[in-house]
Amino acid sequence: LPPARESHSCVVQAGEGGGKLIIFGGMCGKRLNDLWVLDVEKNQWQQPEIKGVPPFPRSLHSAVLMKKRMFVFGGWVPLQPNERDAIIKARQNGTTEEEKFVEPRMGTADDSKRHESVDGENNGEL
């Protein structure tokens, strides 16, 4: 079972037999980057293996499911002091290459926590 948590994201994968709830990250004494899936019909939790590099641990983020891919955006991602300094330096110097690289990893209390994302009438397609 997943540990109790707050400030996580949850998306729904509709399907025959009830579908699935998919949760990512949040807080449980520390920020998490784990993924859990609840099969609604069987009422069973499963922690799938994540391939590739998982997102940084985060809370207060949003997520959306499009087809079979879950996209996680923003949230509160605490950075180590050396990472924060590199971001600030890149912005002050106008170094767009560094900024492009680090921006998706960045999250602060001021810019991307407590927001929403919605997959509206497009059936999961852009």
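Predicted model: local features only at pLDDT ≥ 70, side-chain atom pairs only at ≥ 80, totals over all residues.
Four strands form an open sheet in the order 1-2-3-4, with antiparallel pairing. Strand 1 (9-13) and strand 4 stand at the edges; each has a single partner strand, so one side of each is left without a neighbour in the sheet. On average, and with direction ignored, neighbouring strands of this sheet are turned by 25 degrees against each other.

Strand 3, which covers residues 31-39, is mostly covered, with seven of its nine residues buried.

## Pairing of strands 2 and 3

Strand 2 (residues 20-27) and strand 3 run antiparallel and are joined by seven bridges. Within this pairing, Phe24 has Leu35 of strand 3 as its bridge partner.

The two strands form a hairpin with three residues between them. In this hairpin, Gly29 adopts a positive phi near 85 degrees.

## Pairing of strands 3 and 4

On the other pairing of strand 3, three bridges connect it to strand 4 (residues 44-46), and the two strands run antiparallel. Leu38 stands opposite Trp45 of strand 4, while Asp39 has Gln44 of strand 4 as its bridge partner.

The hairpin of strand 3 and strand 4 has four residues between the strands. Here the residue with a positive phi is Asn43, at a value near 55 degrees.

## Cysteines

A disulfide is a covalent bond between the sulfur atoms of two cysteines. A search of the whole structure finds zero disulfides.

Cys10 has a relative accessible area of 43% and is therefore partly exposed. Cys28 also counts as partly exposed, because its relative accessibility is 38%. Both assignments rest on the range between the cut-offs for buried, under 20%, and exposed, over 50%.

## Largest pocket

The largest pocket holds about 500 Å³ of space. It is lined by 19 residues, of which Ile22, Leu35, Lys68, Arg69 and Met70 are the closest to its centre.

Strand 2, strand 3 and strand 6 (69-73) each contribute at least two residues to the lining of the largest pocket. Strand 6 provides the largest share, four residues. By residue class, the lining of the largest pocket consists of 13 nonpolar, two polar and four charged residues.

Note on methods
Residues numbered from 1 in each chain as written. Heavy atoms only, no water. Disulfide = S-S within 2.5 Å. Buried < 20%, exposed > 50% of the residue type's maximum accessible area, 1.4 Å probe, protein only. Pairing = 2+ DSSP bridges. Axes fitted to C-alpha atoms, helices over the stretch in contact; angles between N-to-C directions. 1 Å grid on protein atoms, 1.4 Å probe; cavity = no way out; pocket = protein on both sides within 12 Å on 5 of 7 lines; lining within 4 Å. Points joined across faces, edges and corners; volume = space filled by probe spheres on them. Nonpolar A, V, L, I, M, F, W, Y, C, P; charged D, E, K, R; others polar.
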